[in-house]
Amino acid sequence: MQVGQNNEGYRTKVSDKLVLVLNGPNLNLLGKREPGIYGSATLADIGAMLTELGESLGLAVEMRQSNKEGELVDWLHEAQERGAHAVLLNAGAYTHTSIALLDAIRAIATPVIEVHLSNPHAREEFRHKSWIAPAAKGTIAGFGPQSYSLALRAAAEL
Ligand code: DQA
């Protein structure tokens, strides 16, 4: 967090760079959902961890989750409209199906980092294909909740 001073001499917080963290379908069930694969941390736990890390990196983290593809598309557009510094996107199963998300990432200039808790390449074959990877700045997968913190550190360096 940065602190600045305005004309009247009051101390004000200079806005940190915005990073939107977008989560797709079924990730609202993290912690309960297939814990052998996705672990016991909830999305709220990950959000709290990212908010704290973001503060130390000068990044304002805004975390969202939706089970609806179109809502994720809208939020990608919003990231650009709001001049976000970067987006972290765990598109869940839409990773493997969604040309709409691919097009949305291509439609914005905001860099998007693809994130996965598990390593999709070590799982079923249908998870090996990511439609969004060709448009992403990069992909971090397989480190559980740490995939998100590694991605946030990468975003800070962009
Ligand atoms: C996931 C991997 C996807 O294959 C799966 O559909 C998910 C979660 C992950 O974070 O490991 O929902 O994106």
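Let's start with Ser118: a polar side-chain atom of this residue sits 2.6 Å from an oxygen atom of the ligand, a polar contact being a pair of N or O atoms within 3.5 Å. For Arg127, an N or O atom in the side chain is 3.0 Å from an oxygen atom of the ligand. Taken alone, the ligand exposes 320 Å², and the protein buries 99% of that (Shrake-Rupley areas, 1.4 Å probe).

A word on the source: this is a predicted model, where local features need pLDDT of at least 70, side-chain atom pairs count only at pLDDT 80 or more, and totals for chains, interfaces and linings use all residues. Residues are numbered from 1 along each chain as its sequence is written, and side-chain values use heavy atoms, leaving out hydrogens and water.

Who else surrounds the ligand? The residues include Tyr38, Asn90, His96 and His116, each with a heavy atom within 4 Å.

Now the helices, please. H3 (residues 69-81) and H4 (residues 99-107), both DSSP runs of H or I with at least four residues, pack at about 5 degrees with axes 9 Å apart. They are therefore roughly parallel, the word for angles under 35 degrees. Leu72 and Leu76 are among the H3 residues meeting H4, where Leu101 and Ile105 take part; contact means heavy atoms within 4.5 Å.

Definitions and conventions: Axes fitted to C-alpha atoms, helices over the stretch in contact; angles between N-to-C directions. Helix = DSSP H or I, 4+ residues; strand = E, 2+ residues; numbered from the N terminus. Parallel < 35°, antiparallel > 145°, perpendicular 65-115°, else oblique. Polar contact = N/O pair within 3.5 Å; in protein donor to acceptor, adjacent residues only side chain to side chain.
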